[in-house]
Amino acid sequence: MIRMLAIETSCDETAAAVVEDGRRILSNVVASQVELHARYGGVFPELASRAHIEAIVPVVQEALRTAHLGWGEIDAIAVTYGPGLPGSLLVGVNFAKGAAFGRGLPLVAVNHLEGHIYAHWLETGGEEAAEGRLDFPLIVLVVSGGHTELVLMRGEMDYVRLGGTLDDAAGEAFDKVARMLHLGYPGGPPIEKAARQGNPHAFELPRAWLGNSYDFSFSGLKTAVLRALRPYGDHRPPRLVADMAASFQAAVVEVLATKSARAAKAYGATAILLSGGVSANRALRRAVREAASVPVYALPLAFCTDNAAMIAAAGTRRYRAGERASRTLDIAPGLQLV
Ligand code: KG4
Ligand code: ZN
C-alpha cells in the first residue's frame, strides 16, 4: 500500500491531499483564492504567490489531520512542478522538497496536466465518473482556465498530443466573455447559468475549425462577441446577456465536442475523458455525449477544478514506475504533457 501526500500550488488554489494506492481519497483540502482575484477579473500572480505562502502549512496540516495520519504514516510526497505560474509553483515545490528531505521521504515531481488526466482513476463517487474502469486507448480533453489539450492516451503515462489551443484557453475565453457581459469572475459558471435562459441561435458566432487539425482557437470568437456587443454600449439587459451567453457557449462547445468525437473515432478510443474546470459545464458534457459513439466520463465539480488528489493519483503511477525527484528539483512553468 502506498500513502501519498500530494501538494498542488500551480495556479490559484493551495491544495493538499492524502490518497491511498492512487485511488482511495483519505483527504482532499483546497484553499481557493477566487475571492482574492475576483476584483482583477483573473489571477494576479504576485497575490497568488503570497496567498500560497500563507496557506501551505495549514492546508497540509489539515490534509493530514482529516486523513487521521501523522507524518510517520506517509510513504511519499508528490508535488506539481509545472506547468503553471512560477511564483505559485515555487511555493509548493519548495515546501515539498523541505518536507521530503527533512523527513527522509521520497519525492515525486508531477505534471499538472497528467494530474487532470489521472483524476479519472480516483474514487470520487461521481455519477459520471469512470473511477479507473477504463481500457486504452482513450481520448482525453483537458479544458481549464490555462489549458485546452486534446490527448490520445495509449497506455499508462503514454500520451500523444493531438492538438491544443493556438491562443486563449477555453476557460480563458469563458472568463473574458463573462467580463464583457459584466458577469464577474470566474466566468464559466455565470455564463452557463445565463445561457440556460438564452437562445443559442440569437447571434451567429464563428467556429474555428482549422481544417482537419485537432487544434483550437478562441480569439476570433472573442472578437466577434465584442463586435456584436458594440451597438449596446455599456448596457447589458438580461435578454442580451442570456442570448449572448447561449450563443457563445454553443460555439465553444460545438468545436470541443466535434473534435473530441472525431479523435475518438480516428484512434479507436474506448472512451472520452473530460477534465479541467470547463468540463464542469453541463452543455459541454451533453454535446460530447451527443457527438461521440463511445462512453464519455466526467468528474464531480471538485475534481474538475484544481485539487491535490489528482496530483497524488498521477504521482502514485510515477512512484510505482520508480521515478524520484532529486534535491535539485526545479519548477517548470512551461512544461508540456509530452
Ligand atoms: O481547472 P481550473 O480550476 O483551473 C485551471 O487549471 O485553469 O479551471 C478554471 C476555469 C475558469 O476559466 C472557469 O471559468 C472555468 O474553468 N469554468 C467553467 C465552468 N466552471 C469553471 N467554464 C465553463 N462552464 C463552467 N460551468
Ligand atoms: Zn488545472
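**Entry 1: E114**

Helices here are DSSP runs of H or I with at least four residues, numbered from the N terminus. By that rule I place E114 in helix α4. The model I am reading is predicted.

Is E114 buried or exposed? I find a relative accessibility of 3% for E114, and the cut-off for buried is under 20%, so E114 counts as buried. Next I looked for a polar partner. The side chain of E114 makes a polar contact with the side chain of R318, at 2.8 Å. I then listed the contacts of E114, leaving out neighbours within four places in sequence. They are M157, Y159, A314, R318 and L337.

**Entry 2: the zinc ion**

Which residues are its protein donors? I noted H112 and H116, each through NE2, and D306 through OD, lying 2.1 Å from the ion. Along the sequence the donor residues follow the spacing H-x3-H-x189-D. H112 lies in helix α4, residues 112-118, while D306 lies in the loop between α10 (301-304) and α11 (309-320), so this pair ties together parts that are 194 residues apart in sequence.

I also checked burial at the site. H112 is buried, and D306 is buried too.

**Entry 3: ligand 1**

Next I went to ligand 1 and counted its surroundings. There are 20 residues around it, and G145, D175, G188, E192 and N281 come nearest. I then looked for polar atoms facing its oxygen atoms. A polar backbone atom of G145 is 2.8 Å from an oxygen atom of the ligand. For G188, a polar backbone atom lies 3.0 Å from an oxygen atom of ligand 1. S144 uses its side chain instead: a polar atom there is 3.4 Å from an oxygen atom of the ligand.

In soluble globular proteins, nonpolar side chains tend to be buried together. I looked for that here. The largest nonpolar core has 51 residues, and I139, L205, F248 and L256 touch the most other members. Which elements give two or more residues to this core? I listed the strands β6 (138-143), β7 (148-155) and β9 (272-275). The helices on my list are α5 (170-180), α6 (188-195), α7 (219-229), α8 (238-266) and α9 (282-291). Helix α8 supplies the largest share, 15 residues.

A second core of 38 residues stands separate, and V19, L122, M153 and A309 are among its members.

**Entry 4: A63**

I picked A63, which sits in helix α2. Its relative accessibility is 0%, so A63 counts as buried. What does A63 touch beyond four places in sequence? I wrote down A16, A17, V18, S27 and V29. The C-alpha atoms of A63 and N28 are separated by 6.3 Å, although the two residues are 35 residues apart along the chain.

One joins F136 and P137, with omega about 0 degrees. P137 lies in the loop between α4 and β6. Another runs from Y185 to P186, with omega near -10 degrees. P186 belongs to the loop between α5 and α6.

Then I looked for positive phi outside glycine. H68 has a phi of about 55 degrees. H68 is in the loop between α2 (45-66) and β4 (76-82). Is H68 buried or exposed? It is exposed, because its relative accessible area is 71% and the cut-off is over 50%. L210 also has a positive phi, near 50 degrees. L210 sits in the loop between α6 and α7. Its relative accessibility is 34%, so I marked L210 as partly exposed.

Notes: Residues numbered from 1 in each chain as written. Chains lettered and ligands numbered in written order. Predicted model: local features only at pLDDT ≥ 70, side-chain atom pairs only at ≥ 80, totals over all residues. Heavy atoms only, no water. Donors = N, O, S within 2.8 Å, 3.2 Å for Na, K, Ca; no water. Buried < 20%, exposed > 50% of the residue type's maximum accessible area, 1.4 Å probe, protein only. Core = buried A, V, L, I, M, F, W, Y, C linked by side-chain atoms within 4.5 Å. Near = heavy atom within 4 Å. Polar contact = N/O pair within 3.5 Å; in protein donor to acceptor, adjacent residues only side chain to side chain. Contact = heavy atoms within 4.5 Å.
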